[in-house]
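Try each task before you read its solution.

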Amino acid sequence: MTTPQLTATSPLAMWLSYIEHSHSKAIDMGLARVQAVAQELDLLSPAPYVITVGGTNGKGTTCRLLELILLNAGLRVGVFSSPHLIDYNERVRINNATLPDVCHSEAFAFIDSHKSHSLSYFEFSTLGALYLFKQAQLDVVILEVGLGGRLDATNIIDADICAITSIDIDHVDYLGDTREQIAFEKAGIMRAHKSAVIGERDIPHTLTDYATTLPCHVLRNGIEWHYQLHDNSWAFAGQKVRLEDLPLPAMPVQNAATALAVCEQLPWAISREMITRALREMTLTGRFQRLNAAQRSALFAALGDSACEQIYLDVGHNPHAARYLAQKVRSLKADDVRVLGVFGMLQDKDATQVAKPLSDVIDHWFCCTLEGARGQSAVALRGKIAPELADVDITCFDDVQAGTKAALRQARGQDIVLIFGSFHTVGEIVTLFAQN
């Protein structure tokens, strides 16, 4: 497919449409094509130091905390993450800022004019990020693995250190349907004679076998490093430092501890003050995010007024994430509090196993249709989860905003409205208040 009409100044929307349709497969696992192009374009060393973060859940929050800590240390930092909630630009951050459209268009034009192989959307976006990082002359780049690890496009880069946050069932069509198979795929980001931080406590043998074969220096949660939760603080103990009375962050503490275990292995001096400040600054849209007053006001302006003061967003879309979400919501739920769940999920996700841990937490389900090739109707979604939800109300809606509007209308002041199930689900709501 040729694109004579596209240039470095073409609108980003045109470039995104092109890279979405220019390859024969939406997801095409393997490194041969993307690695060949990266080598031709001299993109395999985007910064002097690279951290790669993989895992079933927790990648985004771990990357974000590492980013904040390193920025506090005075370093120039780039982060590549996916997917995005609203705008493609969210996928690349340089020194804590997204870039204007023209930068991404320029990167895509450079890659497209020099590439010798057809590239998938994610391969194109990965190379675009590497190009932008190299142009920015950064100190460190943090790469979030998109899918699996071994065959993910980010794995063309030989990271100086990697982290694997968690291992659970997801993307079974590509990674396998057992934790052992999935662990092997995620272990592929490890490199010989480099450090690998493992946040997962229950490590499948395939991961440790892989690490031994390389060999690499494995740092395991509960063995080489530890963390402990207290009522209003937590503590971290690594191989070099022990930190007490750390502030609780707006993320799972296991992921925060994983980030600190990575920091302990970095070549820069990381102080307690840098860490504490980052923990207090830590936010990431859609990760059990409670809407503030301004966000609620914008939401009510768009969908209709409501008495509800507790509105949460969560992008969790697999059983592991659902178990954590159930635990968080259960801790907030009193006897007189109802939880109204606005739920939309892609058809290739295991909706049944996501609903199961939330069956005794959500009192009324508002199933919503998601559009697109991987989308799913509300009726189909209800059919999958209903067997797990005996005697619970389930209502269907044509889209997420309609379901949210109905939930907000029914909610009393003390109730909780939880909007969850997919980046697409949360993204449809975030668009309503993102500019505020």
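## Exercise 1: two packed helices

Helix α4 (residues 101-114) packs with helix α5 (residues 121-136) at an angle of about 110°, and their axes are 9 Å apart. This is a predicted model, in which local features need pLDDT of at least 70 and side-chain atom pairs count only at pLDDT 80 or more, while totals for chains, interfaces and linings use all residues. Residues are numbered from 1 along each chain as its sequence is written, and side-chain values use heavy atoms, with hydrogens and water left out.

**Task.** Describe how α4 and α5 are oriented to each other, and list the residues that make the contact.

**Solution.** 
- Step 1. Start with the terms: helices (H or I, at least four residues) and strands (E, at least two) are DSSP runs, numbered from the N terminus. Axes are lines fitted to C-alpha atoms, for helices over the stretch in contact, and angles run from 0 to 180 degrees between N-to-C directions.
- Step 2. Angles under 35 degrees count as roughly parallel, over 145 as roughly antiparallel, 65 to 115 as roughly perpendicular and the rest as oblique. α4 and α5 are therefore roughly perpendicular to each other.
- Step 3. Now find the contact (heavy atoms within 4.5 Å). From α4 come Cys 103, His 104, Glu 106, Ala 107, Phe 108, Phe 110, Ile 111 and Asp 112, and from α5 come Phe 124, Ser 125, Leu 127, Gly 128, Tyr 131 and Leu 132.
- Step 4. Sort them by class: the contact of α4 with α5 has nine nonpolar, three polar and two charged residues. Here Ala, Val, Leu, Ile, Met, Phe, Trp, Tyr, Cys and Pro count as nonpolar, Asp, Glu, Lys and Arg as charged, and the others, Gly among them, as polar.

## Exercise 2: a second pair

**Task.** Do the analysis again for α11 and α15, which pack at an angle of about 105°.

**Solution.** 
- Step 1. Helix α11 spans residues 293-303 and helix α15 residues 400-410, with axes 10 Å apart.
- Step 2. From that angle, α11 and α15 are therefore roughly perpendicular to each other.
- Step 3. Leu 299, Phe 300 and Leu 303 of α11 make the contact with Gln 401, Thr 404, Lys 405 and Leu 408 of α15.
- Step 4. By class, this contact of α11 with α15 has four nonpolar, two polar and one charged residues.

## Exercise 3: cysteines

**Task.** How many disulfides does the model have?

**Solution.** 
- Step 1. The rule is that a disulfide is a pair of cysteine sulfur atoms within 2.5 Å.
- Step 2. Check Cys 367: the closest cysteine sulfur, in Cys 396, is 5.4 Å from its own sulfur, too far for a bond.
- Step 3. The count by this rule comes to zero disulfides.
- Step 4. Compare the surroundings, where buried means under 20% relative accessible area, exposed over 50% and partly exposed in between (1.4 Å probe, protein chains only). Cys 367 counts as buried at 0% relative accessibility, whereas Cys 103 counts as partly exposed at 22%.

## Exercise 4: around strand β15

**Task.** Which residues does Phe 366 touch?

**Solution.** 
- Step 1. Leaving out residues up to four places away in sequence, Phe 366 touches Leu 340, Gly 341, Val 342, Phe 343, Thr 395, Phe 397, Gly 403, Ala 406, Ala 407 and Gln 410.
- Step 2. Take Thr 395: its C-alpha atom is separated by 5.0 Å from that of Phe 366, although the two are 29 residues apart along the chain.
- Step 3. β15 (364-368) is also among the elements that cover the buried residues of α14, including β14 (339-343), α13 (351-355) and β16 (393-397). Those buried residues in α14 (residues 378-385) are Ala 378, Leu 381 and Ile 385.
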